[in-house]
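Reader: I have a model open and want to go through it. Can you start with how the pieces are named?

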Amino acid sequence: MFHKDTTLVTSVKCENCHEVLFSSSKKDVPKEKLIEPAEIVNKLNQYIVGQDYAKKVLAVAVYNHYKRINQHKAKLQKQKWAEERERQDVIVFEKQRKGHPGGLNLDIRATLNNEGQRSRPETVPVSPVVKQKESSDSSDIQIDKTNILMLGPTGTGKTYIAQVLSEILNVPIVICDCTSLTQAGYVGEDVENVVGRLLQNAKFNVDKCQQGIVFLDEVDKISSKKGGQFQRDVGGEGVQQSLLKMMEGAVIKVPDLSGSGKKTIDVDTTNILFIFSGAFSGLTNIIQRRTNIKPFGFTSETPEDKEGANATDTIHQSDTTDHEKDEILRAVEVDDLVNFGMIPEFIGRIPVFAVFENMTTEMLIKILKEPRNALIPQYETLLEMDGAKLKFEEEALVAVAEKAKESGTGARALRSRLENILLEPMYEAPNSDIEEIIITKDTVENKTPPVYVQRSKDLVVSTDKFVIKQTEPPSMKVMNPPQSQA
């Protein structure tokens with residue numbers, strides 16, 4: 001998140017004019033330059049396919065959050081300078097008073113003016129962290145924290161985008177599951193342990209921990225349950241209530257596991273960014289009832305129109321339905337989440353909603369081969385270690401993406417499909433003569449064996465399993481045998 005450029009502000013006392021002068025030298029204190037939202041999105045595009053709207057929402061929210069932290073740092077620095085300046089003035093005044101036998105209570109600058117000396121105008125040091133105009137009152141404005149809620153179907157990259165975001169921003173992050181959290185005093189994990197894990201990931205640096213990110217997954221699983229009169233919801237509404245003060249900003253006492261001898265460490269959560277994530281299954285039905293949007297599955301097409309539809313429309317029919325679901329989910333409001341089971345106090349502290357789209361077939365194909373750490377390059381690397389090359393035909397990639405989409409688990413289904421397809425090749429490749437493995441559409445759909453290309457060798461191999469790669473041997477000169485002498 002920050003480009004490292006250091007500036008150290010020091011105070012120097014001038015013996016002639018008895019004033020404190022401030023100078024700067026590039027040493028220890030970091031000059032923090034934030035990464036702009038466009039740059040954050042460009043770096044996210046290297047790892048994550050699609051989700052342009054969610055990327056923009058996250059980039060802007062994170063950028064504004066760390067601008068808020070810089071403003072807070074600037075305020076603290078100005079207060080520190082003001083206290084230092086006041087302390088120096090008191091010291092100089094005491095020395096000046098002791099210099100007069102009668103103990104005259106004289107002002108230093110007035111005395112210097114009466115002596116005819118030229119007094120320097122009083123200046124207020126400018127913060128090196130955030131440059132602001134002295135005439136503006138923007139430093140007096142308190143900026144509230146903007147926590148984030150990510151909504152979307154499973155397998156759309158919500159957890160992965162948080163991991164990549166922490167690497168881009170270079171801040172500590174902790175990823176926890178809300179299903180294991182319970183209200184304090186009950187069997188389970190307390191919400192304070194989440195901050196303790198963040199402190200542990202920050203290597204027990206409290207300052208870094210207080211600027212980190214807490215990512216809580218499966219937040220929809222802590223929605224309030226409607227039970228009996230004497231039933232207490234310790235894993236739902238109780239967890240939401242326990243998170244309220246932590247989200248708003250409070251000092252949390254976490255156990256000290258660093259071995260420093262302290263029992264607990266105080267961590268202020270005011271500047272910790274909380275990101276929540278959940279699939280919220282059934283939320284679209286709640287939004288439909290509020291907006292009176294036509295339910296899924298009913299179109300104005302007649303049976304004759306459906307019979308005349310071409311194959312391309314049939315293939316992309318599910319993508320069209322998913323697009324309608326995405327449009328409905330983008331219309332989510334606070335009331336919809338309250339009806340889902342989130343208490344108003346909890347959801348009111350999350351002002352930013354980032355909606356993730358369903359994975360289309362085209363997006364799944366790109367996930368297979370385009371981003372960093374894509375799946376197909378991973379398997380290519382694994383087979384290259386055994387001396388074999390892996391090749392997927394374009395039709396085979398489309399078939400893999402379509403089958404993964406039918407499973408309903410998003411991008412998570414791609415790896416399981418590839419594992420099933422490449423089981424036999426990865427079994428046959430080690431210590432064999434296989435040079436290339438070609439995955440066809442029939443291999444994906446009909447589970448036919450892949451096409452194996454073998455290195456040229458003076459061996460007869462069954463053609464139903466291998467395709468012999470023919471190479472012409474180099475021409476050889478045959479010398480005539482020597483004639484026997486009579």
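Author: Helices (H or I, at least four residues) and strands (E, at least two) are DSSP runs, numbered from the N terminus. This is a predicted model, where local features need pLDDT of at least 70, side-chain atom pairs count only at pLDDT 80 or more, and totals for chains, interfaces and linings use all residues. Residues are numbered from 1 along each chain as its sequence is written, and side-chain values use heavy atoms, with hydrogens and water left out.

Reader: Fine. How many helices and strands are in the chain?

Author: The chain has 19 helices and 13 strands.

Reader: Where does Val 219 lie?

Author: Val 219 is in the loop between strand S5 (213-217) and helix H7 (237-248).

Reader: Buried or exposed?

Author: Val 219 is buried, because its relative accessible area is 1%. Buried means under 20% relative accessible area, exposed over 50%, and partly exposed in between (1.4 Å probe, protein chains only).

Reader: And what is Val 219 in contact with, leaving aside neighbours within four places in sequence?

Author: Leu 149, Cys 178, Phe 276, Ser 277, Gly 278, Phe 280, Met 342 and Phe 346. Contact means heavy atoms within 4.5 Å.

Reader: Phe 280 is on that list. Where is Phe 280 found?

Author: Phe 280 sits in the loop between strand S8 (273-278) and helix H8 (283-291). Phe 280 counts as buried because its relative accessible area is 4%.

Reader: What about phi of Phe 280?

Author: Phi there is near 55 degrees, a positive value in a residue other than glycine. Most residues other than glycine have a negative phi.

Reader: I also flagged Asn 431. What is its phi near?

Author: Phi of Asn 431 is near 55 degrees, also positive in a non-glycine residue. Asn 431 belongs to the loop between helix H18 (423-428) and strand S11 (434-439). Asn 431 is exposed, because its relative accessible area is 86%.

Reader: Change of topic: charge. Which residues form the negative surface patch?

Author: Glu 393, Glu 395, Asp 442 and Glu 445 form a negative surface patch.

Reader: Where does Glu 445 lie?

Author: In helix H19 (residues 441-445). Glu 445 counts as partly exposed because its relative accessibility is 37%.

Reader: Last one: what share of the chain is buried?

Author: Buried residues make up 38% of the 486 residues.

How values were computed
Patch = residues over 30% accessible without salt bridge, like charges linked within 9 Å, V, L, I, M, F, W, Y side chains within 5 Å. Areas by Shrake-Rupley, 256 points an atom, 1.4 Å probe, with all protein chains shown as cover. Salt bridge = Lys/Arg side-chain N within 4 Å of Asp/Glu carboxyl O. Lys, Arg positive; Asp, Glu negative; His and termini not counted. Charge placed at Lys NZ, Arg CZ, Asp CG, Glu CD.
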